[in-house]
Amino acid sequence: MAKIDSAYDYYVSTYGTQKASRYDSHKKSDLRKVYNQIVKTNKESPLYKISNMDEAKRYAIDIKESAKAIQNVVASLTDVNGGVSEAFQKKVAVSSDEQTVEVEYVGDGTEDNRTNQFEIEVESLATPQVNRGNALRADALSFTPGSYAFDLNTNTASYEFQYNVSAGETNGEVLNKLARLVNSSNLKITADVEDAGSGQRALKLTSVQTGLHESEPYLFDIAPEASPESMAAMNLLGINKVTAPAQNSTFYLNGREEHSLNNTFTINNAFELTLKQQSKDHAQTLISFKANADAVADNIQELLDGYNRVLDTAQRYSEGQAAYQGRKLYTEMSAVAQNKQEILDSIGLMQSEDGRLFVDRETLAEAIMPDRAEETFGILASFRDALAKEAEDMGVNPMNYVNKVVVEYKNPGKNFATPYISSIYAGMMLDNKI
């Protein structure tokens, strides 16, 4: 059985916490197109060996994620009606106090103009439910050795947990065992063993979810098995007691009191707000849109960030014996800008000494004046489309940039499609064992 754990571990630890974008969902036709591209690539791809499998796994994943980031930005800067200027003039929301309220524009431009700005005051944040257990001496054993069980009930299901306490164990070891048991159950409840001072430890359970519906008495409830032993063990643990119940957020929109189960929510299908902290001295945070020139610059900077991210990835893999692979990716991506650099400079897309691109906002502001706007947006669209094409190639065949030794070339134009090995490119099923 192939061991691919390291690839998944790297993916989860590096990219698993990233926020999903609405552009990460696709129609069946989009997926079919990608599949057909993969099959076509496999059909003519030579047979090869990979010299450094562990590095190849990480590199391929980094390339695919970098490509996806560019494709998402390109999708956000592509107007559904085909308008070039409208795409780059997409609205950008701004908060007057980002330490208190963060904002992102998630509309499509069709929302009512009366929602262009509003004020918000944060009274309190939405909080999770916390059950903090009793403090127990870590190096002693307070439990009688034996088998115990308890039920953990949520608003949608009930789960039974069973655990054993052996002679010679300590309270600290028992608490760590229970924490692992809860965390591995994937119930969206996190368990931590906290230092309670004076050599004591306590088990704390916290819900991932925040807020509480009026019809919900709790987010989770813990009850011991109906046996004297399990009830006595629960009395020692104390995790069946709610230390802090879940709370909804409370805020004021233009003076009107509102509540939310979460600290992130959408207003008028246009603004996605994230409450960060309570407003200081009842101060009002203004949510509005940036001026047109600033909005265009911010949208373009998102595109350049995707470009720069690929260069950063290439540079990380440009050292040591496998330097070839980083240089190949760097050369192909940087060529997208170098072929247009003179004309990009003229509209404010400048190149630093290390090849990264940045926006000169003053030059860009002049370039989008009415007399030059049509030409400027045409240049931007051309650059965007070239980046999109390069990102598409990267995503379909990241192994093109991995350092490898070709074993055998296929007979051009006379090969059958090999759809069953497409996972090499699509799923990153790589290993160093046959």
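Start with helix 6, where Ser230, Ala233, Met234 and Leu237 are buried; buried here means under 20% relative accessible area, exposed means over 50%, and partly exposed is in between, with a 1.4 Å probe and protein chains only. Look down the axis of helix 6 and its buried residues fall within an arc of 100°, so they line one face of the helix. That arc is taken from the directions that lead from the helix axis to the C-beta atoms. As background, an α-helix has 3.6 residues a turn, so residues three or four places apart point the same way. Over on the other side of helix 6, Pro228 and Asn235 are exposed.

A quick word on what you're looking at: this is a predicted model, in which local features need pLDDT of at least 70 and side-chain atom pairs count only at pLDDT 80 or more, while totals for chains, interfaces and linings use all residues. Residues are numbered from 1 along each chain as its sequence is written, and side-chain values use heavy atoms, with hydrogens and water left out.

So what do the buried residues of helix 6 pack against? Their partners are strand 7, strand 8, helix 5 and strand 11, where contact means heavy atoms within 4.5 Å. Helices (H or I, at least four residues) and strands (E, at least two) are DSSP runs, numbered from the N terminus.

The three strands in that list belong together: they make an open sheet of 3 strands in the order 8-7-11, with antiparallel pairing. Strand 8 (158-165) and strand 11 (220-224) stand at the edges with a single partner strand each, so one side of each is left without a neighbour in the sheet. On average, neighbouring strands of this sheet are turned by 25° against each other, direction ignored. For strands to count as paired, DSSP has to find at least two bridges between them. In general, strands of a sheet pair through backbone hydrogen bonds, either parallel or antiparallel.

Now zoom in on the pairs. Strand 7 (residues 146-154) and strand 8 run antiparallel and are joined by 8 bridges; the two form a hairpin with 3 residues between them. Phenylalanine 150 stands opposite phenylalanine 161 in strand 8. With strand 11, strand 7 pairs in the antiparallel sense over 5 bridges, and there threonine 154 stands opposite phenylalanine 220.

Two helices sit against these strands. Helix 5 (residues 171-183) lies across strand 7 and strand 8, running at about 150° to strand 8. Helix 6 (residues 228-237) packs on the sheet too, touching strand 7, strand 8 and strand 11, and its direction makes about 70° with that of strand 7. For these angles, axes are lines fitted to C-alpha atoms, for helices over the stretch in contact, and values run from 0 to 180 degrees between N-to-C directions.

Follow the chain out of helix 6 and you meet glycine 238, whose phi is positive, near 75°. Proline 245 has its place in the loop between helix 6 and strand 12 (249-253). Is proline 245 buried or partly exposed? Its relative accessible area is 44%, which puts proline 245 in the partly exposed class. Leaving aside residues up to four places away in sequence, proline 245 touches Thr127, Pro128 and Gln129. The C-alpha atoms of proline 245 and valine 130 are separated by 6.4 Å, with the two residues 115 apart along the chain.

Rings of Phe, Tyr and Trp (its six-membered ring) pair if their centres lie within 6.5 Å, and the structure holds 10 aromatic pairs.

Finally, the whole chain: it has 12 helices and 19 strands, and buried residues make up 41% of its 434 residues.

Note on methods. Phe/Tyr/Trp six-rings, centres within 6.5 Å; stacked < 30°, edge-to-face > 60°.
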